[in-house]
Amino acid sequence: MNLDAVRTFVAAVDAGQFQDAAAALSITQQAVSKRIAALEKDLGVRLFTRTARGTHLTVDGQTFLPHARELLRAEARADASVRPGRRALRVDVHSRRIAPAVLLQDFHRAHPRIELDVVTLDADVHAAMAAVEAGTVDATFHAVTVAARHLPAAIRTTRVIDEHHELLVGPRHALANARSVTPAQLAEHRIWMPGMAPDTEWADYYDELAAAFGLTIDLVGPVFGNEALLAEIADSAELATLAGERTRYLWPDSYDLRRVPVRDPAPVYPMSLIWRDDNPHPALAALRDYLGSRRVQAPGTEVWLPAWAHLS
């Protein structure tokens, strides 16, 4: 159905005269008549009766009018849904438990009028970057392990998160009561991270971390979900795992799990915001500014970063 003809029909009803409708639409009266005639032909009914005193809706015209108005409202909604600044900013956080999701929620609190569509693509950096390039999402958070010159031409990245680690242990673990632990101390303990996908940026990170400090990172075991992992760790005197300091975990009080900061040096998992350079959504700039203001490294903190974090 020709929406220009529908719009002309509604304008003619509201104006009461074809001449006044033409003025409102900035077209000629003849164009109004042609559009109405074409719409009537398309519908197979007469919408107006024409008399010397003007035009009046027929019964069919009265029946069609509310649907015509709804068609125009739907058109407006469809248009607004994709206009930059009108539709929600769609951002991938990979997991709703980790630092990007926490920061995005903080951004929403600071900018409650900016509408967000938060998604979890469950993809590595290459697949997530492809989604950004294709326009499936406006932005994503991932560790970028290659130099900028090797990225797709339209893709831009900036490091926005330096996520420190915590050791997560049960109450019977040897390090449960430590105020902090060093990577050297962790070399004596088994770090359990079952189900880590190979050939991902996070697998590359933990491989380099293990090599740098002689850690034993155990990937063996079926994956029953985070709840089962926490239960196993709570009940063990030997098992421990690593978690980002802003990763959100919930467990029963009876587990008495401990989160122990890893320091001296503090291993840091670096994450970048990834977006298209030609994305005009105004909320994207606001998000980038906000994330830049939140990335503050504590003075005097010795950190360890993987080699690829220094690429440019």
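The side chains of Asp4 and Arg7 meet in a salt bridge, with N and O 2.8 Å apart. A salt bridge here is a side-chain nitrogen of Lys or Arg within 4 Å of a carboxyl oxygen of Asp or Glu. Both residues sit in helix α1 (residues 3-15), three residues apart, about one turn of the helix. Helices (H or I, at least four residues) and strands (E, at least two) are DSSP runs, numbered from the N terminus.

A quick note on what you are looking at: this is a predicted model, in which local features need pLDDT of at least 70 and side-chain atom pairs count only at pLDDT 80 or more, while totals for chains, interfaces and linings use all residues. Residues are numbered from 1 along each chain as its sequence is written, and side-chain values use heavy atoms, with hydrogens and water left out.

## Salt bridges

Side chains of opposite charge can pair when their charged atoms come close.

| Pair | N to O distance |
|---|---|
| Asp4 and Arg7 | 2.8 Å |
| Arg109 and Asp106 | 2.9 Å |
| Arg156 and Asp277 | 3.7 Å |

Asp4 is partly exposed at 38% relative accessibility, and Arg7 is partly exposed at 27%. The cut-offs are under 20% relative accessible area for buried, over 50% for exposed and in between for partly exposed (1.4 Å probe, protein chains only).

Arg109 and Asp106 are separated by about one helical turn, because they are three residues apart in helix α5. Arg109 is exposed, with a relative accessible area of 55%.

Arg156 and Asp277 also form a salt bridge. This pair links distant parts of the chain, 121 residues apart: Arg156 is in strand β6, and Asp277 is in the loop between β11 and α10 (282-294). Arg156 is partly exposed at 34% relative accessible area, and Asp277 is partly exposed at 48%. Elsewhere, salt bridges that share partners join Asp4, Arg7 and Glu75 into one network.

Asp124 is found in the loop between β4 (116-119) and α6 (125-134). Asp124 is buried yet has no salt bridge, and the nearest side chain of opposite charge, Arg90, is 16 Å away. For charge, Lys and Arg count as positive and Asp and Glu as negative; His and the chain ends are not counted. A polar atom of the Asp124 side chain does lie 3.2 Å from the backbone nitrogen of His126.

Glu201, in helix α8, is likewise buried with no salt bridge; its nearest side chain of opposite charge, Arg159, is 14 Å away. The side chain of Glu201 makes a polar contact with the side chain of His142 at 2.4 Å. A polar contact is a pair of N or O atoms within 3.5 Å; within protein, one must be able to donate a hydrogen and the other to accept it, and residues adjacent in sequence count only if both atoms are side-chain atoms.

## Pocket and cavity

The largest pocket has a volume of about 1,100 Å³. Of the 38 residues that line this pocket, the closest to its centre are His94, Ile98, Met193, Asn226 and Tyr249. Elements giving two or more residues to the lining include α5 (99-110), β6 (155-169), α8 (201-213) and β11 (266-276). The lining divides into 23 nonpolar, ten polar and five charged residues.

The structure also holds one cavity of 30 Å³ or more. About 40 Å³ of space lies in the largest cavity, and its lining residues include His165, Pro183, Leu186 and Val262. That lining has seven nonpolar residues, one polar and no charged.

On a 1 Å grid over the protein atoms alone, a cavity is a set of points where a 1.4 Å probe fits but cannot get out, and a pocket is an open set with protein on both sides within 12 Å along at least five of seven lines; lining residues have an atom within 4 Å of a point. Points are joined across faces, edges and corners, and a volume is the space filled by probe spheres set on them. Ala, Val, Leu, Ile, Met, Phe, Trp, Tyr, Cys and Pro count as nonpolar, Asp, Glu, Lys and Arg as charged, and the others, Gly among them, as polar.

## Backbone details

Most residues other than glycine have a negative phi, and most peptide bonds are trans. The peptide bond from Asp264 to Pro265 is cis, with omega near -5°; Pro265 lies in the loop between β10 (258-261) and β11. Ser26 has a positive phi, near 60°, and is exposed at 66% relative accessible area.
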